[in-house]
Amino acid sequence: MQQPRFPFAPLPPDRASRHSRRVSQHLRLHGLLWLLPLAGLRAQTTSLYTQVAAGESHSLALRADGTLWAWGANNYSQLGNGNTTGRSLPAPVAAPVAAAPGTRWTSIASRSSHALAGRSDGTLWAWGYNDYGNLGDGTLTTRVSPVLVPVPAGAAVGTTWGQVATNYHTLALRSDGTLWAWGLNNVGQLGDASTAARLAAVAVPTPAAAAAGTTWTKVDVGRDHSLALRSDGTLWAWGGNAYGQLANGTPAGLATPRAVVTPAGAAAGTTWTDFAAGYYFSLGLRSDGTLWAWGYNPYGQLGDASTTSSLVPVAVVTPGTVGAGTRWTRVAAGNDHALALRSDGSLWAWGYNNYDQLGIQLSNGGTPPSSSTPVRETTNGTWSAVAGGYYTTLALQAATTLVYGTGYNRSGQLGTGNITNSPVFVASAAPLLATRPARVPLVGVHPNPARAQCRLPALPPGSTVRLTDLRGSLVRQQAAAPTLSLTGLAPGLYLLTAQAPGQAPRVARLAVE
């Protein structure tokens, strides 16, 4: 998708240097000089973003250049920026002071009010909420910025951290295929045969029934249950099981891993290839592209056209409107909603939708409260990755790898510069605020810089205009109009967003004198 360049009106020579000095001084005073230059943004041909993660009410996105961006609620310092001030605009998570020179961020995980992230040397870092030992640093201390997760006692020499999944407990792989866990353990979700909480990593034992020579390869966690895949395609589960989220045919919990039963009706010779843990339900994808679900189902999150919970895997309905020859390729889960990609890049969602986290808007403008079968998100976009939060969904657009979101936004977790919920996927401002931003849809602003007011010509019909400061606080909002009043605003740099229904936001940086 071709996108236009930034149409900033040039400053007259006699005002340019004076304005530049004033804005630079303002930015230095507020630690915001990284946002310059104001103009001359260029397209970036490489992938912009590679991963997204959705927490309880905050969001994370990892860029291909190894920078990590965060936005949304910050009451437990889950944004990792050293304070507790929330943001509706993305900001970078600083590299830890103790990080090895030359390393960069390579992976992210978040589901609650904390986050973990790996760096390119295989070290693991954590920050935010820590009342259950979720961070694995040996304490119960909430961390306002990233702290190192220690190498576990007993870990093989030379191994490093790999993929991580976290909620109120955390699972983490090491490079030798061993599995480690820490945090809340009241129902055995750590898999170490106990129900004792752990403030630092303990080993999850290899099940006696596991095939010789196999190792752990992937993990995910729900509210109180754990899922992990082994290299032979067997899927294992443990922890809480009140709703059948472990898929072992009973509601009894487990304090050690047990294999998920092969679904009745699964094709012979198929194995598990992907999976996701929701709050109290689970999803599993098999090697023939069939999708299965089990556990809690009052909102239709199993996708089997019912609201009946299941102790064993049931088949997720394949909609009649899917592309011919396509198959399910990837799954994700939020609290009580499920998400899946197909091989044509289409994104389908089902389950709880009271906050529009499914990204579905009806022809009459309304949204369904829930869906018990998969429905394609309304924009009919193509996507490369998806992540479910509590009541929010994030996804990467396939063509541009820009970050989009839908659903609940009262903490700014969609990253749009406002706190307005969205019933369909809208672009976050993460690309605009990055050091090397991509081309983005733009809105004309004249004059720029401005004083009492500015003109906004050629706004799309139905646009909502929002002006935020560079900390993400909304300072102006109005319906589309030819002018915007700037009376009462402090001099400095602001972000202007104009968005029409169903369209990506148009943006501009506005300097106020």
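Buried residues make up 56% of the 513 residues in this chain. The model is predicted.

**Stop 1: a loop residue.** Select Asn248. This residue sits in the loop between strand E15 (235-239) and strand E16 (254-259). Is Asn248 buried or exposed? Its relative accessibility is 14%, so Asn248 counts as buried, since the cut-off for buried is under 20%.

**Stop 2: aromatic rings.** The whole structure has 21 aromatic pairs. Select Tyr279 and Tyr280. Their ring centres are 4.8 Å apart and their planes meet at 70°, so this pair is edge-to-face. Tyr280 is partly exposed, at 21% relative accessibility.

Next, pick Trp383 and Tyr404. They too form an edge-to-face pair, with 5.5 Å centre to centre and 75° between the planes. Trp383 belongs to strand E25 and Tyr404 to strand E27, so the pair ties together parts 21 residues apart in sequence. Trp383 is buried, at 5%. Tyr404 is buried as well, at 8%.

Then widen the view. One aromatic cluster includes Tyr243, Tyr279, Tyr280, Tyr352 and Tyr408.

**Stop 3: charges over rings.** Select Arg286 and Trp272. The charged end of Arg286 sits over the Trp272 ring, 4.7 Å from its centre. Finish with Lys218, whose charged end lies over the ring of Phe275, 5.6 Å from its centre.

Key. Residues are numbered from 1 along each chain as its sequence is written. This is a predicted model: local features need pLDDT of at least 70, side-chain atom pairs count only at pLDDT 80 or more; totals for chains, interfaces and linings use all residues. Side-chain values use heavy atoms; hydrogens and water are left out. Buried means under 20% relative accessible area, exposed over 50%, partly exposed in between (1.4 Å probe, protein chains only). Helices (H or I, at least four residues) and strands (E, at least two) are DSSP runs, numbered from the N terminus. Rings of Phe, Tyr and Trp (its six-membered ring) pair if their centres lie within 6.5 Å; planes under 30 degrees apart count as stacked, over 60 as edge-to-face and the rest as tilted. A charge sits over a ring if NZ of Lys or CZ of Arg is within 6 Å of the ring centre and within 35 degrees of the ring normal.
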